[in-house]
Amino acid sequence: MFKLLKYAKKYRIYAFICPLLMIGEVIFELLLPQVMAQIVNIIDPANIAQANLDEIFRLGLRMLIYAFCSLFCGSVAARLAAVAGMGFGAELRSALIERVQSFSFSNIDRFSTASLITRMTTDVTTVQNSFLMLIRSVFRAPIQLVSALVICISISKRVSRVFSVVLPLIIIVLAIGGPIAIKRFRRMLKKFDKFNASIQENLTNIRVVKSFVRTDYEKEKFNYSNEDLTKASIHAEKIMILGEPLLMLAMYITILAIVIVSAKAITLLEISVGDFTAVFSYVMQILMGFLFTIAMIAQLFLSEASAKRIQEVLNENSDIVDPENPVEEVKDGSVEFKNVSFAYGKGKNILKNASFKINSGEMVGIMGTTGSSKSSLVQLIPRLYDASEGEVLVGGLNVKNYSLLSLRNAVSMVLQKNVLFSGTIADNLRWGNGDATDEELVEACEIADAHSFVSAFPDGYNTDLGQGGVNVSGGQKQRLCIARAILKKPKILILDDSTSAVDTATDAKIRAGLRNSIPDTTKIIIAQRISSISDCDKIIIMDNGKINDIGTHGELLERNEIYRDIYNAQQKGSDDFDEIGGEQ
Amino acid sequence: MPKPNRNRGPVRKPKDTQKTVKRLMKYIGREKWLLAGVIIFVIISAVASVGTSVFLQPLIDDMFSNISGKQFSLSLFRPVIKYLWFMLMVFLFGVIASYGKAKCAVFLTARTLKTLRKDLFDSVADLPISFYDSRPNGEIMSRFTNDVESLRMFLSQGLSQLISSAITITGSFILMIYYGKWLTVIVVAMVIVMVFLTKKLGEKSAYFFKRQQKELGTVNGYIEEIIEGQKVVKVFNHEQEVKDHFNEINEDLRKASTGANTFASILMPIMNNLTHINYAITAFFGAVIAIKGFFGVTMTAGALVAFLQYSRNFSMPITQVSQQFNNAIMAIAGAERIFEYIDEKPETDDGYVTLVNATQKDGELTECKEHTGTWAWKHIHSADGSITYQKLEGKVEFEGVTFSYDGKKTVLNDISLYAKPGQKIAFVGSTGAGKTTITNLINRFYEINEGKIRYDSINIQKIKKDDLRRSLGMVLQDTHLFTGTIEDNIRYGNLDATHEQVVEAAKLANAHEFICTLPDGYNTVLSGDGSNLSQGQRQLLSIARAAVADPPVLILDEATSSIDTRTEKLIEQGMDKLMAGRTVFVIAHRLSTVRNANAIMVLEHGRIIERGDHDDLIAQKGRYYQLYTGQFELS
């Protein structure tokens with residue numbers, strides 16, 4: 001947690017002044033009861049005869065001034081704390097997104113998407129709240145505790161000894177109860193997650209539930225988790241509700257103990273009635289100050305886990321970085337693999353000793369069963385991952401010599417798990433080229449056979465896609481992704497199973513478009529369907545991480561068994577004839 | 001599918017507070033003993049805390065007058081000892097009451113919420129599909145989470161605090177009037193100012209809070225979207241744009257949350273110090289009255305001291321109440337939203353024909369308990385109570401069926417079709433042509449507007465919905481699985497299936513092979529809609545699930561995801577085996593399915609534009625021919 005404090009630098013003045021004002025607030029809060037006591041003393045029936053209105057007016061005025069000072073300190077401190085706390089959170093998020101943007105694919109794989117999201121949202125909130133509490137209470141609570149204690153001790157040392165017994169007792173109770181409560185609450189939260197997940201599941205699967213007539217069964221399941229959740233929450237709350245009575249008990253015990261202990265002091269005339277009464281009013285302040293101090297420490301401990309998770313992201317260094325004197329220009333679209341092997345992380349090599357050459361402007365197909373490392377192979381070309389062994393050459397030069405920016409601008413890739421972002425179609429297409437004119441958008445969409453459906457939307461290119469591109473069908477999404485990649489005007493275009501959801505006719509149109517409109521661009525196509533790649537200049541057959549064969553459709557059909565098998569399986573008649581994803 | 005709303009929505013105001021409160025009271029009233037417990041304990045603890053302040057001072061005075069200056073000895077305590085005992089008792093009462101109150105509140109809250117959640121779920125589960133269509137899952141979820149949570153916050157703390165504040169305020173108010181009528185006016189005026197301020201601050205804070213939630217939603221949504229698409233960001237060198245955009249929305253969030261946080265934490269110092277200011281002013285005027293008199297109003301010094309004490313007790317809980325009041329409003333609004341769903345009309349069912357297992361001997365049908373593979377429709381004639389059985393054959397007819405989801409746009413127009421038992425009917429057409437809708441009408445997910453659908457010559461409206469659906473097996477294109485083991489998931493089709501039957505179904509669906517390669521086999525636990533399986537494997541499981549139900553009629557929404565050729569073959573074979581000997585309605589995506597169908601319906605804009613078998617349609621050279629030869633693209 002403290003290591004993260006450097007992200008609060010911009011707000012350090014706020015973060016320093018805030019606790020000082022808090023001290024002011026505490027001091028005035030401690031002074032106010034004394035003034036009140038004085039007022040009461042003056043209007044006490046015994047003294048009222050000699051009472052002086054001016055005196056009361058002066059005291060009243062003093063009280064007003066104290067109250068206003070306290071109000072001022074408290075309000076300004078609240079404002080400063082908010083500025084610093086929220087600013088700290090914003091800086092943290094900003095630092096995180098900055099860091100994540102520098103991550104390579106393998107960095108992202110290491111963290112997993114879901115965990116990165118949690119770290120950037122929930123964890124940041126936790127740490128931000130702890131920081132907020134820290135600057136607000138770091139002095140306030142301890143000072144409240146210490147000053148009240150000091151006053152008590154100054155009144156009577158003997159009486160104050162009570163606290164040396166009571167406070168440790170509270171620590172013991174908290175040390176026992178706290179962990180139990182935390183454990184029970186964690187369990188309850190888990191049950192709560194499970195409960196939510198089961199409702200969510202019921203909702204998404206509602207058609208299955210209804211068509212199998214399982215409503216009653218689901219209700220029973222629900223009763224089960226409902227009961228479970230209820231039990232867990234009662235179990236957890238049972239501990240929590242001990243808090244208030246225990247605090248009361250502590251206070252009462254302290255008061256009674258003080259009464260008994262002070263008997264001796266009274267007999268020795270060490271203490272007056274007024275002082276004695278004052279001690280009582282400080283008991284509450286001491287206990288509260290003590291509890292807040294402990295709560296602050298506990299909060300810091302609890303947020304430590306979140307802080308650590310954030311730290312992990314911030315400390316992660318990208319393992320793919322620009323070389324020292326990067327080459328900025330990719331000469332042409334040729335690709336060469338020289339004895340390339342690749343493994344994810346420290347795992348087994350999943351791509352073994354691959355060597356081949358693709359000339360600039362060629363159209364190359366890659367085929368193979370699921371898990372034969374087709375995607376891994378092509379991901380090495382734009383240096384999304386680095387080869388573990390061997391060399392990957394683009395434009396005759398090892399990819400590690402280029403700056404990432406120019407390499408990736410030259411190599412455009414349509415990923416298998418592709419996404420569109422919220423915004424209009426045009427916004428999404430302009431990811432490929434921010435300066436693209438409307439004409440260029442249309443041109444790219446025509447190549448990807450997307451123009452016809454886009455222009456059929458009432459808002460055309462200004463159609464809002466919604467988060468994750470939910471408003472278009474799977475096939476439409478794929479075509480938009482291809483158009484987006486074309487807009488980059490790359491030297492090499494890689495399609496990783498990017499037309500799986502479009503029908504064969506459209507697939508053919510897209511390929512024809514690519515061939516005719518961008519003849520100089522090298523095109524590498526991974527596909528499941530023979531028809532998608534049969535007219536390629538070269539077809540690479542992958543099997544189990546190795547290159548099994550390279551040749552044209554005709555050659556492979558003649559000599560390659562794997563290719564022939566796939567071909568036979570996909571003979572006319574088992575082809576799809578509409579696109580998926582459009583059906584709801 | 002829209003994501004569930006992870007943030008609390010804006011603060012909503014209830015529409016009909018009185019009605020909702022009454023109804024909510026009924027729920028709370030179910031636990032009347034616990035409610036009574038809360039109230040009684042609250043009163044006891046209020047009395048105890050008054051007792052503490054009333055008796056403490058005499059005890060102190062007594063002690064001082066008795067023992068100060070004397071030689072210390074235990075006998076000195078004798079006169080005070082009864083006070084000490086008394087104090088101890090009062091303290092203990094206070095502690096016990098405070099514990100009792102909390103404990104009653106915990107049980108009251110937990111049980112009330114449990115009942116409420118149960119009623120909510122029971123109601124929601126019975127609602128028709130159209131209900132689910134019209135709202136995102138997140139919205140339904142938020143009734144279970146956010147709305148129940150706001151109720152929980154109020155019931156567990158707010159309720160008892162409101163009661164105890166009400167007691168303290170009323171008590172202090174009466175005592176204040178007793179000690180000084182005119183001074184009370186000043187205090188009340190101050191309190192009105194405080195309430196007004198709280199309200200103003202609350203409004204301001206609600207405004208910023210709403211904005212904060214909105215901006216937080218934007219930022220979190222953006223983070224989610226970008227992280228999920230991070231690889232695309234990298235491929236397009238879009239890192240800088242992402243950072244720039246993020247910094248913009250992050251700054252908006254910072255501003256909004258700073259505002260929200262400021263107003264939330266500024267309330268405490270303001271209220272505390274207003275109480276002090278109130279005290280100072282009251283003390284001054286009180287002293288003027290006590291010393292000089294004020295237009296004939298007088299007051300004794302003792303009364304003034306007491307009055308000041310009670311005026312503090314009076315104004316302190318006001319802050320609390322005004323905060324609790326906000327919670328109460330949110331809780332009532334939440335309850336209202338929950339009741340709204342509980343009151344939704346459940347799926348109606350006027351059917352009386354039921355489906356039973358039967359044995360057939362010499363053409364005579366006899367009802368029986370066990371699964372025989374033969375089913376019969378059981379008609380109970382309401383006129384004379386007689387029962388007739390009719391064998392289930394699997395004949396389905398549509399006669400001039402017209403349907404619209406919203407009553408405006410017609411989705412299906414005058415559809416007529418006829419499926420003989422054991423026939424396979426395929427639907428082909430573009431998205432939105434109405435293919436899925438037809439299948440949803442057969443199982444009565446939706447009610448038709450015109451025309452008739454008959455099943456074995458029985459109007460399906462006369463068949464009990466559950467039995468109708470039991471007779472129809474469904475394999476949907478989006479496979480949905482449940483948390484649980486693979487075996488549980490297959491058994492979902494037939495809860496009484498033995499392990500052997502489950503395995504048999506899995507074998508039929510070609511799923512057995514891959515299940516056996518999993519480390520835990522049939523006991524492999526699936527989580528999150530089976531996300532640990534591939535798309536193809538999930539599809540195989542859903543076929544097995546339909547197979548174990550062994551329904552006479554099947555509805556298949558054929559899947560064609562990018563599954564590798566081998567798995568696709570497996571699915572195809574599994575489907576074929578499942579279809580054998582049954583009446584099948586299939587939404588076809590593959591030519592092979594269509595080719596051997598008995599009848600193919602080509603749908604366009606809710607109408608059947610061509611029908612016939614494969615050869616007929618090819619010969620017609622119409623739309624089907626175009627589709628088949630790839631001249632026409634479906635979109």
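1. Start with Arg545(B). Arg545(B) is buried, because 28 other C-beta atoms lie within 10 Å and 20 or more are enough to count as buried. Keep in mind that this is a predicted model. The residue sits in helix H15 of chain B, which covers residues 535-549.

2. Which residues does Arg545(B) touch, leaving aside those up to four places away in sequence? They are Asn489(B), Ile490(B), Tyr492(B) and Gly493(B). Val502(B) is another residue to look at. Along the sequence, Val502(B) and Arg545(B) are 43 residues apart. In space, their C-alpha atoms are 8.4 Å apart.

3. Now turn to the helix that holds Val502(B). This is H13 of chain B, residues 499-508. Val502(B) is buried there, and so are Val503(B), Ala505(B), Ala506(B) and Leu508(B). An α-helix has 3.6 residues a turn, so residues three or four places apart point the same way. Compare that rule with the numbering of the buried positions. After H13(B) comes Asn510(B), with a positive phi near 65°.

4. Next, a sheet in chain B. Four strands make up an open sheet, in the order E6-E5-E8-E9, with antiparallel pairing. Strand E6 (410-419) and strand E9 (458-459) stand at the edges. Each has a single partner strand, so one side of each has no neighbour in the sheet.

5. How many bridges join E5(B) to E6(B)? There are six, and the two strands run antiparallel. E5(B) spans residues 396-404. One pair to find on screen is Phe403(B) with its bridge partner in E6(B), Leu412(B).

6. A hairpin is also worth a look. Strand E15 (residues 599-604) and strand E16 (residues 607-612) of chain B pair in the antiparallel sense over five bridges. Val602(B) stands opposite Glu610(B), which belongs to E16(B). Two residues lie between the strands. His605(B), in this hairpin, has a positive phi near 45°.

7. Step back to the domains of chain B. The assignment gives domain 1 (17-169), domain 2 (354-391) and domain 3 (396-628). What distance separates the centres of domain 1 and domain 3 of chain B? Taken over C-alpha atoms, it is 56 Å.

8. Chain A has its own assignment. Domain 1 is made of two stretches, 1-140 and 303-318. Domain 2 covers 157-270, and domain 3 covers 335-569. The centres of domain 1 and domain 2 of chain A, over C-alpha atoms, are 26 Å apart.

9. What is the overall form of chain A? Its secondary structure comes to 20 helices and ten strands. Its radius of gyration is 36 Å, well over the 25 Å from the globule rule for 584 residues, so chain A is more spread out than a compact globule. The C-alpha trace spans about 120 × 65 × 50 Å along its principal axes.

10. Look at packing in chain A too. Of its 584 residues, 44% are buried. Take the contacts in chain A between residues at least 6 apart in sequence: 81% of them join residues at least 24 apart.

11. Finally, consider where the chains meet. The contact takes 127 residues from chain A and 123 residues from chain B. Which helix of chain B gives the most to the side that touches chain A? Helix H8 (residues 239-292) does, with 28 residues. By class, that side of chain B has 58 nonpolar, 38 polar and 27 charged residues.

Methods. Residues are numbered from 1 along each chain as its sequence is written. Chains are lettered from A and ligands numbered from 1 in the order in which they are written. This is a predicted model: local features need pLDDT of at least 70, side-chain atom pairs count only at pLDDT 80 or more; totals for chains, interfaces and linings use all residues. The radius of gyration is taken over C-alpha atoms; the globule rule is 2.2 Å times the number of residues to the power 0.38. A residue is buried if 20 or more other C-beta atoms lie within 10 Å of its own, exposed if 12 or fewer, and partly exposed in between; C-beta atoms are placed from the backbone. Two residues are in contact if their C-beta atoms, placed from the backbone, lie within 7 Å. Ala, Val, Leu, Ile, Met, Phe, Trp, Tyr, Cys and Pro count as nonpolar, Asp, Glu, Lys and Arg as charged, and the others, Gly among them, as polar. Two strands pair if DSSP finds at least two bridges between them. Domain bounds come from an automatic or database domain assignment.
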